[in-house]
2 protein chains.
Amino acid sequence: MAAALLVCDWGSTSLRAWTLDPAGDVVARAVFPLGVNRLAPGEAARRFDEEVRPRLGAAALPALLCGAIGSNVGWRAIPYVDCPAGLAEIAAAVAAVREDVWIVPGLRCRGLGGACDVLRGEETKAIGWLSLSPDHRRGHRLVCQPGTHPKWLVIEDGHVVRFLSAFTGELFAVLSAHSILRNDGQAHDPAAFEAGLAAAGEGDALLNRLYTARSRVAGDGAAPESTGSYLSGLLVGAEVAATPRLLGLVGERVLLLGDKAACDRYAVALDRRGVALDLADGEAAVLAGLVAIARLRGQL
Amino acid sequence: MAAALLVCDWGSTSLRAWTLDPAGDVVARAVFPLGVNRLAPGEAARRFDEEVRPRLGAAALPALLCGAIGSNVGWRAIPYVDCPAGLAEIAAAVAAVREDVWIVPGLRCRGLGGACDVLRGEETKAIGWLSLSPDHRRGHRLVCQPGTHPKWLVIEDGHVVRFLSAFTGELFAVLSAHSILRNDGQAHDPAAFEAGLAAAGEGDALLNRLYTARSRVAGDGAAPESTGSYLSGLLVGAEVAATPRLLGLVGERVLLLGDKAACDRYAVALDRRGVALDLADGEAAVLAGLVAIARLRGQL
């Protein structure tokens, strides 16, 4: 069947795009190294028209986008929806950035000590997972979405009631590329990852613990090639220890929703803390979320 | 009087050099943007001969160096001295990297959960401060040296008995240059610095707290120009909260030893936690330390 809608998950580090037929089934899919972090200011619209639309044969299709593209460093800042919010509230606040290009709003809540917290893209992934089964929409869930800025969402009866962000993915990336802990292109070292998890403690005193990634090499003979995996374990371990505590949900079962490689590392970290977990695929979820929002808006 | 010795504090981010007369008084001083972090592998000796020696008219003088230049990313790795260590132990382990170029060893101890911890350069600064008065060499001291990798030294009767490192300065630098928290060249904003201190909590959950530096701008209207000062407050606040607790020295009086600008920020952070403090100049201390070591070795 011919494509009826172009949908995109356009995040900080990459862009995934699909064309959908009127039934919501995928006609074509493409991935672009066009993360918002790599865009110059004001560049999003042009690159969407010149690169994304042609590759998917979607020159004339209406488009629905979600993710960091809706932020002040993306195409244009779309106002956040305040928690609690479910499919209806999110779909109602979808905003046009031009005729037939629509962006899903992110969510906002009061988190840590009353500070503002925000997310963009994770709302669509959560909505998508909730749309996959009526059972998902009943009762309480703690959902962790690993990524550049990981998000931990508390869901009650199909609504995101609050959430808490972390900085783990970006911190790993900048330290790996630009610090004395540089570690480009090393193979994953499971033993070093485990040592990093053990060194994470309870997610306290991270500034002191970070230095052990240097001192274990400089003063204790650890292989420099193991630094990346150690650092990964240290950071993921610190996030997994601290975040449920801040949410008041220590020991609660966690749904890991995201890319397999990242979720697998979080699964090891949770398992070492004795936390039960489930895994769900992030790409399937975000696509289901875009379909659910488009349907409610009458775009499919 | 003619110069008798060239001494250098050659750290991660800069190099300070002095020529001294036989009495230990300064003949000439120069600062170079030649931090070890900016050196290519194997480059230290050549740049020392071609840039440092000529500028100070020290082509033929013996030289005594301290700092990161003695590490595996510097001129050559000089073996660490294990704690506890004072002037005698440190001076005895000074090592030659070539005829008449000597490097002061760093210190090593077992810190956090039995992990190895190391420092280079801070031993000389501590030794120098201790050398300035017999009173300094009596009893117990907690000394904080801010920097790329801040060090907190516990000193008993003139000996460094243990210490704990942090990653604060380097983390601030890489986040300020390479992350979504980029903030090059902004003026210091005292109110944002205070807000960062308040957001640091007890130095726990830093990965979550770091994201507030983004969300306060993206979702709560804070000025992007205040990000650097907020981030500085958040990181210094987290270090100052966590490190004395890990050392079992909560609330103990702290001697801040270092550059004035950095010590002033740490002083505000300590003051907000009700911790009494003293200030001492880092450059005077490291120079005094190099003089004390040179004298004990018979180089002055």
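Which hand does the crossing of α4(A) and α7(A) have, left or right? I shall return to that after a word on conventions. This is a predicted model, in which local features need pLDDT of at least 70 and side-chain atom pairs count only at pLDDT 80 or more, while totals for chains, interfaces and linings use all residues. Residues are numbered from 1 along each chain as its sequence is written, and chains are lettered from A and ligands numbered from 1 in the order in which they are written.

To the helix pair, then. Helices (H or I, at least four residues) and strands (E, at least two) are DSSP runs, numbered from the N terminus. In chain A, the axes of α4 (residues 168-178) and α7 (residues 227-246) come within 10 Å and cross at roughly 155 degrees. Axes are lines fitted to C-alpha atoms, for helices over the stretch in contact, and angles run from 0 to 180 degrees between N-to-C directions. α4(A) and α7(A) are therefore roughly antiparallel, a label for angles over 145 degrees, with under 35 counting as roughly parallel, 65 to 115 as roughly perpendicular and the rest as oblique. The answer to my opening question is that the crossing is right-handed: the near helix is turned clockwise from the far one by less than a right angle.

I turn now to the sheet in chain B. Six strands form an open, mixed sheet in the order β3-β2-β1-β4-β7-β6, two strands being paired if DSSP finds at least two bridges between them. Strands β3 (26-32) and β6 (95-98) of chain B stand at the edges with a single partner strand each, so one side of each lacks a neighbour in the sheet. From one strand to the next, the twist averages 25 degrees. Strands β1 (residues 5-10) and β4 (residues 63-66) of chain B run parallel and are joined by four bridges; Leu6(B) has Ala63(B) as its bridge partner in β4(B).

Finally, the interface. Chain B and chain A each contribute 45 residues to the contact, where contact requires C-beta atoms, placed from the backbone, within 7 Å. On the side of chain B that touches chain A, α6(B) gives the most, with 10 residues. Chain B can be laid on chain A with an RMSD of 0.0 Å by a turn of 180 degrees and a shift of 0.0 Å along the axis, the superposition being by least squares on C-alpha atoms of residues with pLDDT of at least 70 in both copies. The two copies are thus related as by a two-fold rotation axis. In chain B, the C-alpha nearest that axis belongs to Asp204(B), 2.0 Å away.

How values were computed. Contact = placed C-beta atoms within 7 Å.
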